[in-house]
Amino acid sequence: MTYSAEIVTREEDFADLAADWARLYGRCASATPFQSHAWLHSWWLSYGRRGRLRCVVVREDGELVAAAPLMLVRRPLPVLVPLGGAISDYGDVLVDDGRGEEAVAVLTEALAACARTALVDLREVRPGAAAERVFDRWPGPRSRFPDSLCLELPATDMDGLLARLPSAKAQQRVRAKLRKLTALGVERHVVEPGEVDKALRRLLELHRLQWQGRKVTSEHLRERFYEHLVRSVEPMVRSGNAVVTEFRLDEDVVAVDLTLLSEPLTGGYLYGAHPCLRERKADVAVMLLDACTRHARGTLSLLRGDEPYKHHWRPEPVRNQRLVLARRRTAPLLAAAVCEVTARRWGKRVLRTREERGGGEP
C-alpha cells in the first residue's frame, strides 16, 4: 500500500474530485451533509476567494482515503479554516473508516506541512467527528474550546417524540395541533430534483416574509446564498443527502422546508412559512418536525441554537468543539488565538450579566 498526499489549490481540480469525494464520503460514518462535495464546492463558488483554496487530500494507490477541505484566511491571523463557513452547522475532515490510523497519520502530517506559517482552526466539530482523530495525533501545540450548542433528538417517528413529552396533557396538545393541520387541509409534497430551483426560491421568499419586521440572518436574503443552495441541494436531493418539502394549502405553497440527511444525523436546515399559517392557528414547528421525522435516520438534530421552542421536546444538548492546531513555530499565533477566545467568552459573560441585571453594572 502506497500513500500519497497533495494540496489542491485550483478550483477546477477541486471540482474534479466530485466522484472520488462521494465514495470517500460514503465510507466516513461521521460525515454530515456539510462535508458532501456538492455542499462544499458550491460554497466555494459563492464564498471562496481566488488563491485561498487549500484542500489536503490523501490517496492510497490512487484511491481517495482522506481529505481536509480548507481555505486560507490571512486576517487577523493567518489561519486555515474549513470550507463551509458560518452557514454550515458542522465542520470536519473525511477519513475512510476502513483505512485505520495510517490514513489519519498521513492526513495529519500533510496538514502540518500545509500549515507551515498558519494555524489550523477547525470550527463546529461534532463529538465523534473524524477531526478528533487528527487532533489526537497532532505533533505540535493544540487547544480545544467549546463551540456552538446543538440540540439532538433520537431518530424516531412522531409517536416516539410525543412519548418524550413530560405529561399526557402535553402529548394531547401536540396531537390536537396535528389534527388541526389535517383539518386545515395542509398537504405535504416532496420536491423532485427538477423542481428544486423553484422550490428554494419560494422557500427564501417565504423566509423573508415570515421574518418581516424582525431581526433575520441577513445572509439568507442574499443572492449568493440562494445560488449556493440551488447548486448544492439539487445534487444532494439526487444522492439522498437532502429533501425539500412543500406544504400546500388550497393548492398554494404556504411553506417550504429544507432537511439535510446523512447516516449520523438528519437536520432541518432552513424553512420559510407564510404568516397565514399562524393566522389560522397552525403550529409551524410541529408541522415541520412531523415532516422531518418521516426521513430521519441516525440522530434528529435541531442543529445550532438554544432557542426555547426546541426544548419543548426535551432534546439532549450536544456541544460542538473548536480544535486549534499549531506547529512549534506558530505557537505564538496559538497563544494569540487562545487570548481572543478567552476575551470573547468573558465579554459574553459580562453582557449576559448586564442583561440579567437589567442593564446595570456587573
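What share of the contacts in the protein chain with a separation of 6 or more comes from residues 24 or more positions apart?

1. The share is 75%. A contact here means heavy atoms within 4.5 Å.

2. Some ground rules. This is a predicted model, where local features need pLDDT of at least 70, side-chain atom pairs count only at pLDDT 80 or more, and totals for chains, interfaces and linings use all residues. Residues are numbered from 1 along each chain as its sequence is written, and side-chain values use heavy atoms, leaving out hydrogens and water.

3. The protein chain holds 12 helices and 13 strands. Both are DSSP runs numbered from the N terminus: helices are H or I with at least four residues, strands are E with at least two.

4. Now the overall dimensions. The C-alpha trace spans about 65 × 55 × 40 Å along its principal axes.

5. Of the 362 residues, 51% are buried. Buried means under 20% relative accessible area, exposed over 50%, and partly exposed in between (1.4 Å probe, protein chains only).

6. Check the cysteines. The disulfide count is 0, where a disulfide is a pair of cysteine sulfur atoms within 2.5 Å. C292 is in no disulfide either; the nearest cysteine sulfur, in C150, is 14 Å away. C292 is buried, at 5% relative accessibility.
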